[in-house]
Amino acid sequence: MILYVLRRLIAGLVLAVLVTMITFLLLSTSFDDIAGSTLGSSATPARIEEQKAQLGLDRPVLVQYLDWLFHAVRGDFGLSYFTSEPVRSAIAARLGVTLSVVLAALLLTAVVGVTLGVLAATRGGVVDRIAQGASLFGHLVPNLLIAIGLVWLLALRLHWFPATGYTPLGEDPTRWAASIAIPVLALTAAGAASLTSQVRGAMIDELRKDYVRTLRTRGIRPRSILLRHALRNAAGPALTVLSLEFVQMFGGALVIEQVFALPGFGSYAFNASLQGDVPIIMGITLFAVLLVVCVNLLVDLANGWLNPKARIR
Amino acid sequence: MSTAPSNATPARDQGDRHDPAEAAASRRSPLRRLLRDPQAVISAGILLVIVALGLLTPLITDHGPNQASLDAINADAGSHGYLLGGDKSGRDIFARLLSSVNTSVVAALIGTGIALAIGVAFGLIGGYYDRRLRAVTEWVFSLVMTFPGLLLLIVLLPVTNGDYRVTMMIFGVLLSPGVYRLVRNLVLSVRSELYVDAARVSGLPDRRILSRHILYTVRGPVVIATAFLAGASIGVQSGLAFLGVGPSTVPSFGAMIADGFTNFYEEPLQFLWPSLTLGVITASLVLLGNSLRDVLEGGRPEPSRITAPAPRPTTGLTTGAGSSGLLTVEDLALAYPTSSGELKEVVSGVTLSLEAGETLGLVGESGSGKTQTAFAILGVLPAEAVVTRGSVRLDGRELLGLSERELCGVRGRAVTYVPQEPMSNLDPSSTVGSQLVEGIRTTTPMSRREAGERALALLSRVGISDPRRVFASYPHQISGGMAQRVLIAGAVASRPLLLIADEPTTALDVTVQAEILDLLRDLRKELNMALLLVTHDFGVVADSCDRVAVMQQGEIVETGDVLDLFSAPRHPYTRTLLDSLLDENSARTDQPGVADESWQKEAR
């Protein structure tokens, strides 16, 4: 078990090295522009060369990458080209914002998706049609429009939540919750849509299986059959959807953070990329990959717990 | 049958949900069926009109999408020759809207095209050729899949310079693993089909087989995926444009929405038009994709409640009188709705009776309605089944018409069930022990610990010599014979009055069959239960039953004492069944071996 986790973590580290290397190689094609943009539009070619040398961008690409990697292993991700802020603390400060939005949305997605999916699969009729309609709506309307629609309705019309801005959790928990409410709802809408249809389909399949009938002949109550047996068996595929959902939400948070002016990971990455701030881009890439690796590992471990056949011996 | 309406529910008979006639109809002409589906026609029509408008932009508007005039800033609709008015920079909203359509179409073409090209090519190769190559492609694609796509697109902004065409190429690569998995799974399943084997044996080159046979099967799901891929591409392109990625001269819904958003209070319409168009386009793509899926792959499964079958209120139940037996089934009939909406009877007027402690064999060939009769007695018919008439009384109590809740008090206590296929009848993700304990605690007031001990005692009673190990095992860790013993243990846990065993030995090895039958016989005597033994095997009947009822096409054709029926069968069908028994040179080996010693043979 511990060996398995170790093996997965090592595979994850290899993946992180590969992804950051590819990103770096791709970025290296535009180092001239990047050096230029740190100086402003009036920079002369000679000045740009000088700046490249100063930033270390004139060395062979592989040397540069290995240099970055060795520093990164020791926890040093360098300084931002523009603000000279240490990348590590800058990312750590912003990751909290993004994670609180994404994790809250993931939790809400799981609750809404499983509830609607189970209801749709077992009640049929009107409940099923409403759940399917809601799920279809989440698929039909682009995430961006849902986000803007929610701002218009909940912030501008009803004044329930602020339209933009962020209050840190430590400062005021209530205002923190209010400030992430609309972003969380916007991310949940799309996530819950796919989870609902997944859970619905999986539950319908499970409830048609033989063991459900045999449990009924034992006098076991329908509630226990649904929740203790069928849902547990249906949860495996749902968890996989949820882990893909996490990756997507992490990407979706980019747009959402921009819409709601949240000082998160996504908007930070966006601005850094617009400027070509290489240390920040590399740090962000690494953190994102490691985060995804960890989430996938957690999902696989949870899957093993749910499904004895997938358990590692 | 072939003209069945598209909204008809498929007939379900004994779990078989595929009506051959309907399947043939669906194979006939997907395109024609698609044209009859209003959702498909409307969504495809809307898309065609929008794309056509985009292509005809130069003919429709006089103004370019970036042509701004100062006096047209926030102009009203219709003024300055601007059909929908001007935006905050004085550009023609209508012209920008149409040009944005073109941007979206190009984005969708690039994203979808690249995803399909890479995904299909590698899916075909990975699915068709050997494993080593597949391992490599698999690894690369799972690597691509782990990365948050939108983040990568943003991170690579310095490389793409925000050009949406380059961005869409990368996005296509990011979408390709989904297509790859889809195609690879399809190819793997087709590869082993006989006609592909035949083509390979007859010497067709791989290239021909791939393009002829395999691409043909793959095309339906790929068409469906295309609709969703296009929707995703358009969504991402707009999202990025909304963020302000790329030159402002490229007209895009995202950029228009962003402009409109900042100008929302003054001119809400500027925000509405691009949002509406974008929403209509993506909604049409999703709806079209759903229609394609329904037509090409058959309808989505319908939910079914866990519920007791409700007898039709119009047909009054016969109130049985006189008989004093343990189980009395009178004139029981049940039916399933067919695709044309009519009811098809699968059991028509079955009458049975069983005394306490008696063993009755219910015999007939498969499809004769034996199992359906058994399920009707237990009240566990599929939700779509309809009990059209009749009565089922157990110990004097009418069971038909009871609610699921009331039946829960009867099932497991008075009547229990042993299924045909042991493996699929245990919950795969709970241990044997926890399933037994749950059953015991539902039927008898016991603490968890007492129930656990009772379960262990039951396991050793049914001939499992290592009860503790089996108690802690999951179903996939024990053999089929052991699983059947576990199910029998669960069924007799509550000392029921009646045990219904549905072909309890059919799925087992020949050597185990006799032991299971002996076990059932011993337990019946020990607990003085009645046993309803559903079987197609007269050998089993001769061994275990007191009386026998012969079923054919949903009706009981003959009932009688086992000895009488064997010596003088009256119905021709009974005679045919008996004759076939003598012909087939029965494989059953009758070794009454003691169960306790035999476990080692089946233990894996």
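**A sheet and its surroundings**

Modeller: Ala333(B) stands opposite Arg389(B), which lies in S4(B). Before going further, please keep in mind that this is a predicted model, in which local features need pLDDT of at least 70, side-chain atom pairs count only at pLDDT 80 or more, and totals for chains, interfaces and linings use all residues. Residues are numbered from 1 along each chain as its sequence is written, while chains are lettered from A and ligands numbered from 1 in the order in which they are written.

Strand S1 (residues 327-337) and strand S4 (residues 386-394) of chain B run antiparallel and are joined by 7 bridges; two strands pair if DSSP finds at least two bridges between them. Strands (E, at least two residues) and helices (H or I, at least four) are DSSP runs, numbered from the N terminus. The open sheet to which these strands belong has 4 strands in the order S2-S1-S4-S5 (chain B), with antiparallel pairing. At its edges stand strand S2 (343-354) and strand S5 (397-398) of chain B, each with a single partner strand, so one side of each is left without a neighbour in the sheet.

Chain B also holds an open sheet of 6 strands, with mixed pairing, in the order S6-S7-S8-S3-S9-S10. Its edge strands, strand S6 (415-418) and strand S10 (555-561) of chain B, each pair on one side only, and neighbouring strands are turned by 20 degrees against each other on average, direction ignored. S6(B) pairs with strand S7 (residues 498-502) of chain B in the parallel sense over 4 bridges, and Thr416(B) stands opposite Leu499(B) in S7(B).

Helix H9 (residues 164-191) of chain B has 28 residues and reaches 39 Å from its first C-alpha to its last, close to the 40 Å expected at 1.5 Å a residue, where the expected span is 1.5 Å times one less than the number of residues. H9(B) bends by about 35 degrees at Leu175(B), and a proline, Pro177(B), follows within four residues; the bend is the angle between axes fitted to the seven residues ending at a residue and the seven starting there.

Turning to the partner, 66 residues of chain A are in contact with 56 residues of chain B, contact meaning that the C-beta atoms of two residues, placed from the backbone, lie within 7 Å. Helix H10 (residues 222-260) of chain A gives the most to the side of chain A that touches chain B, with 12 residues. The residues of that side divide into 35 nonpolar, 20 polar and 11 charged; here Ala, Val, Leu, Ile, Met, Phe, Trp, Tyr, Cys and Pro count as nonpolar, Asp, Glu, Lys and Arg as charged, and the others, Gly among them, as polar.

Chain A has 12 helices and 0 strands, and its C-alpha trace spans about 85 × 55 × 35 Å along its principal axes. The 37 residues of helix H5 (residues 87-123) of chain A should span 54 Å at 1.5 Å a residue, and the end C-alpha atoms of this helix are 52 Å apart, which agrees. H5(A) bends by about 25 degrees at Leu95(A), and H5(A) is followed by Gly124(A), whose phi is positive, near 65 degrees.

The axes of H5(A) and helix H8 (residues 173-207) of chain A come within 6 Å and cross at roughly 35 degrees; axes are lines fitted to C-alpha atoms, for helices over the stretch in contact, and angles run from 0 to 180 degrees between N-to-C directions. By class, the contact of H5(A) with H8(A) has 21 nonpolar, 9 polar and 1 charged residues.
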